[in-house]
Amino acid sequence: MNSIIDQTILFVKETLSGAEAGHDWFHIERVFRNAQHLNETEKGDELVVALAALLHDIADSKFNNGDEEIGPRIAGDFLNSLGLAPAIITHVQQIIKNLSYKASLGEINFHSKELDIVQDADRLDAIGAIGIARAFTYGGYKNRVLYDPEIAPNLHMNKEEYKNSATPTINHFYEKLLKLKDLMKTESGKKIATERHDFMLLYLDHFYKEWQGEI
């Protein structure tokens, strides 16, 4: 198992070299660690959890012209090259395909304990201090304004609206990040998410006060 993980880490590092900073190797590493931590309590299949965490953003659709099949395909080709069992490969591909918040806005026909674990691990990296940093990193990458009081958040976007959204970064807190605490699947993930959620609320309170020149 260790050899498989080591080879996967090397593949991911090489593939994501030069990636946008919010979706680079360091993001993958944090999600990998989060998943391992959650799995200590949740007891999912260790290899599936590890591989899915490492490969979940190997080709994020938003950096690949919206292609939602490229990530599972690249992951599958790589895992096939390692000679892994088809059942493991398919499971990892299904996790990658159904992991994202965007995917949850559509129809989900696959469920597993391992999906819940890796999904929670990924969502934990989208909230709290690092989540805030990642939101503004991606907003800068897309040249989005920080905040515009005239543009209200769209709290009820469907999948296509979410995919095509280009709203200010602060709106993203309301359109996704602040929703994640209540969407966590694992008990261990829920506990961690609560503290990170509260930190984001504190940040937003300071943001608005500074915006108005109050502090």
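Phe-136, Tyr-147, Phe-173, Tyr-203, Phe-207, Tyr-208 and Trp-211 form one aromatic cluster. The model is predicted, so local features need pLDDT of at least 70 and side-chain atom pairs pLDDT 80 or more, while totals for chains, interfaces and linings use all residues. Residues are numbered from 1 along each chain as its sequence is written, and side-chain values use heavy atoms, without hydrogens and water.

**Aromatic pairs**

- Rings of Phe, Tyr and Trp (its six-membered ring) pair if their centres lie within 6.5 Å; planes under 30 degrees apart count as stacked, over 60 as edge-to-face and the rest as tilted.
- This rule gives 12 aromatic pairs.
- Tyr-138 and Tyr-141 are stacked, because their ring centres are 6.1 Å apart and their planes lie at 25°.
- Tyr-138 and Tyr-141 are three residues apart in helix H8 (residues 128-141), about one helical turn; helices are DSSP runs of H or I with at least four residues, numbered from the N terminus.
- Tyr-147 and Phe-207 have ring centres 5.8 Å apart and planes at 85°, so this pair is edge-to-face.
- Tyr-147 is in the loop between H8 and helix H9 (159-164) and Phe-207 in helix H11 (residues 187-211), so the pair ties together parts 60 residues apart in sequence.
- Both Tyr-147 and Phe-207 are buried, meaning under 20% relative accessible area with a 1.4 Å probe, protein chains only.

**Helix H4**

- Helix H4 (residues 70-81) has 12 residues.
- Its buried residues include Ile-70, Pro-72 and Phe-78.
- The buried residues of H4 pack against helix H1 (2-15), helix H3 (46-55) and helix H5 (86-98), where contact means heavy atoms within 4.5 Å.

Definitions and conventions: Helices (H or I, at least four residues) and strands (E, at least two) are DSSP runs, numbered from the N terminus. The expected span of a helix is 1.5 Å times one less than its number of residues. Buried means under 20% relative accessible area, exposed over 50%, partly exposed in between (1.4 Å probe, protein chains only).
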